[in-house]
Amino acid sequence: MKRYLLLVVAFFILQNIISQEVDSVSTPAVQIPVITLTESELDGDIQDYDVSGLLQSSEDVFVRNAGYNFGQARYRIRGYDNQNMFVLINGIKVNDAENGRPYYSNWGGLNDATRNEVVTSGLSFSDYSFGGLGGVTNIITRASEYRKGTSISYSLANKNYRNRAMATYSTGMMDNGWAFTVSASARWAKEGYVKGTFYEGLAYFGAAEKKLNDHHSLALTAFGSYSKSGRAGVATLEAYELSGDNYYNPNWGYQNGEVRNARVGTYHQPRFLLSHYWQIDNTMKLTTSASYVFGRGGTTALNWYDAADPRPDYYRYFPSYYDEGDYMYTYLTEMWKNNESYRQLDWDSFYYANRKNLYTIKNESGIEGNNLTGNRAKYIIEERRNDLSRIDISSVFTKDLSDNAKLVAGINYMSHKTHYYKVISDLLGADWWLDIDQFAERDFSDDFIIQNDIDNPNRAVKEGDIFGYDYVANVNSGDAFVQGEAKFSKIDLFGGINLSYTEFWRKGNMRNGKFPETSGGNSSKQRFFDYALKAGVNYKITGRHFILLNGIYSTRAPYFSDAYVSPRTRDALISDVTGKDLVSEKIFSGDLSYYYRSPILQVKITGYWTEFRDGIQSSNFYHDELKTFVNYIMTDVDQVHYGGEFGMEVKMGPAFVLTGAAGYGKYLYNNRPNVTIAQDNSSEILVKDRTVYIKNYHIGGMPELAATLGLKYNAPKYWFIGINVNYFDQIYVTLNPERRTEEMVADFYETDPQIDEILGQEKLDPGFTIDLFGGKSWRLSGGYTLGFTLSINNILNNKDFITNGFEQYRFDRTDINKFPSKYYYMYGTSYFLNLYFRF
Amino acid sequence: MEKITYKIIIITIVLSALLFSGCIHNNFDEPPEKEFPAGMVMTIQDIEQIYYDSVAPTMRPYKFKDDFSVYAVVTMDDKSGNIYKNAYIQDATKGINLRLLSSGGIYEGDSILLNLRDLVLSDYNGMLQLDSVHVDNNILKLKTGVYVVPEKVRIGQITDWHVSRLIEVEDVQFINSDVGNIYANPDVSENRTLENCNGNTLIVRNSGYSNFASEIIPRYRGSIVGVLGKYGTDYQLYIRSIDEVKLVKPRCGEVDTIFSETFDETVRDVPIDFTGWKNIGETGTIKWVGTVLSGNNPAAQIKNDENENTSWLILPKQTISENVAMKFVTLAYNVAGAQLQVLISADYNGGDSPQDANWTVLPATIATSLESRVDSGEIDLPQGEIYIAFKFSAATSSRAQYFLDDIIIYLKD
């Protein structure tokens, strides 16, 4: 490992020495937040998360540049999933309890109100929390900490939304001991960058603080962000090529001549926070917060019964489903290229079919002789809901032991519930939808097994009715930590310990005919005790040269989202099918940095090594070999992430700043995990203890190498302009592990090139972009400020850069290209113009 | 504070206005109702005529380009998996096979108007089919639950007229080599063969994907409902549901005995003690004993001992399936004041107190003299696990005697 670190360091030293601007940094720290996808680039049912805004205020030269310039290519610092980055609001951790990820969309549009934040990157010491592998960001919403005055802004953009209007007013701390801040914004786009997408968002924020006396302050914060957006999809290269659009979106189609998107996410989860700030004396303070967050989440999707797949990008609707030369190949190529309605949804036809699909349900709702005749829906829009309700309490005590030593201790408690269910969102002209499991109906002739709800069999469900599945995920946890920091003339030290308890269980509200005994009621509780230790050293060679070393070892309880085989239908744990206990994941990580600081030059070089052990990855998909829907459970997954980071900045005279940053790592699977495959609609275990040969394959899905070089000019008269050139490389497509098993290549002769095709991991082409940014402000008389900032990404309008891709889980080993990988292209030129007025 | 309130109000107003301008995707107009185009109505017979006029001479499929429609009833859908992307419809004139672009969507009992536009008329090895049926576009459902009564037919009576129609083939059994096999092995379609007692045969075509593929083929005889297909010159039957395979009679020329007892193993005057039987004196001590009737024919006998008697002779537990009956023979002597009943119980526990169980009297003809052997007549037995008992009761000093012989439980013809 050491040898590798040296190599990495050498690699960066040999590179061009470039540097970048930095705010005045008091203490150097190794800071490693995580970058994730930007808003609207996600496909699927999950909420948006956009972290790049957060990282731009990081103190770390590498992190800040990575946050600003690398997010567009889905770069993730050190390859970490963003569940490793803790996000706090007034000390309350807001990462999701079921999968660990922070959902930034919960305060989307409140940019003014969430601007006060303290970013602690990586493993360094935080005043607010023990922290995660990727650091801690604490957003502070104390009304007294906002700049007094009013700010009104309007923004013009061309990504997921095109307009944003925002207004914020803050009183500052008034003589009567009160401080108030209110903020609100609207964001909208009739159509976003991608055809068929739209956006409407409304966010509001109010904070009040009362200083009771010199020792006590109370603060109340309430905020929420409502958003409704039409999603973009992801497709195969064939779809992009045939449609002539690298942002081809299969989710939309025309209804009555209007564009309608089938995948609409609607989220509104307001949060209330009450905080108590107690300055006990000059050296001690205690901050206690309680938070309640609740509200709706959900994404719509098409569902259909006894009809051909209505999605235009179903694999059989492509020319490639046929042999080249077949008349269907020619015909479909022609349709895809020249007939927009063929490659999009046909809403009018759904209505036409639904309005004349006469059907009789016998014994409707299980009532003998109750026969209901009407138009049964063949196509519907359903909404998959995930409604949240969560309480948190956190208390953090800080004691300055001396001028150079500090102790921080805290406790946290959380009780979380998410209610998962489906509702009929739109019957598309039909009278009702029959709530049965059509996949079970295919496999079983039994009228009981096919029921989604055996207490209401054969139920006709209407708009607003709950159907399909209905369960609650419960997670409770508590943790306590202590950490201390001491600074000496040549050396700074810190260390901390965290102990935590997690319990979770599933509560079923609907008994499913396939699993009548295990689908209803409370499951048994799963309990885990975990701990974490971390420590760091900063060796000050001189006042300009520093060596920093940090390390952490921690265990992490399995997430609810990974623990159950198929929580929609039953309470079976993955341990029930694998036969092995659920265990906490083990994580250890270390990094070593060299940091140089002078008035004109800053350089930081870091090497890191991180291992994850005993992880779980599970998914659901249609298995073509086994010819059924399966739960694919991979356990004992080990990963290793190692690499180096480089950040630099040079002040070239009073006005010019040259910046540079680069990160290069390897994010690899580090063992051969075990796979268990369970049939989704029965308790049958189809495959047990199959070995997946993925050691040293890349985790993929992001560039492992990213670099940027930038130049900024700060004019004395309140204007600035800058340019960045960014380069991304080493992008691997995310794996389908099932392709890397002995069973999948068993029938091929050993020199058959198809073996390499099945086993190989695709590496995507590197890409580069050029970004421009600038701004100017005017101070007007009467204390008014008027200004604008403009950033333009990918100014060369490069639309051919694939930033990410994944292998489909569904695959056919005799024809590897039948279910080809899907890819994301980076957007062409995009801009964000912000006009503001402050007084 | 007034100034603050003022500012908050302004912000609220501005945002409300923005919200209204932003809410653009809440409601979509439903597309207008579109009438189903019926065009000219014809019969399935007419379609067949088009086949003979246009397809048969040229050997090329005929594609309907205009709105022609047919009223028909769906007789078979693909829910059971025995056919796939297929359905059969019929009207008064004929039946025809529909080949669907995607599976499902129309169901047995649907009364439909089928628009022929874009459908392709052809034959598949001798059987007419309408191909490329897009259920959403081509079919209007008029009524549900219109279940066609299958036409009863014997194998020898089947003609081309029956092709693609729902029939009930009477008096058939699977050939010996098929009996005990399954209907079809996984993932393949397989032929099984029906025969009747005259030796006529009919193919039954079963898909390995059908939901009854792994059921065991019964050895009995009876009737089967299905849709008739044709492949080349062979007729073949498609089963819709395993419930419509009603084979419950003995095979041709066989008597199918489930249980019999002729009492040949008895010894004169020794109480009957066969395995599984019960021979109980409930009131008094007398039991059924062995005896020999004229012609050296062993039988069972019970005789009043001048005290009051109630005695039971109970057969071993029987598992009775559909279409099963029982017979026995009795003789009697001096039966005034005495009675022999044949009883059935589903809750008797096999123990020594049969009187505690619920018993039902079966209708049987019982002898009253020694003049001749009296046949009980065919007694239908209910399905299930049951016990059958002969209960003798006699008043004091009756000296009554009953003789019992040739008990048989069998599959009815």
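The model is predicted, so local features need pLDDT of at least 70 and side-chain atom pairs pLDDT 80 or more, while totals for chains, interfaces and linings use all residues. Residues are numbered from 1 along each chain as its sequence is written, chains are lettered from A in the order in which they are written, and side-chain values use heavy atoms, without hydrogens and water.

**The interface**

Select chains A and B. Here 45 residues of chain A are in contact with 41 residues of chain B, contact meaning heavy atoms within 4.5 Å. The two chains bury about 3800 Å², 57% of it on carbon and sulfur atoms; buried area is the accessible area (1.4 Å probe) that two parts lose on being put together, summed over both.

Now display Asp306(A) and Lys79(B), whose side chains meet in a salt bridge (3.2 Å, N to O). The interface holds 5 salt bridges, each a side-chain nitrogen of Lys or Arg within 4 Å of a carboxyl oxygen of Asp or Glu.

**A sheet in chain A**

Turn to the open sheet of 3 strands, in the order E12-E11-E17 (chain A). Strands (E, at least two residues) and helices (H or I, at least four) are DSSP runs numbered from the N terminus, and two strands pair if DSSP finds at least two bridges between them. Select residues 252-255 of chain A: this is E11(A), joined to the antiparallel E12(A) by 4 bridges. Gly253(A) stands opposite Arg260(A) in E12(A).
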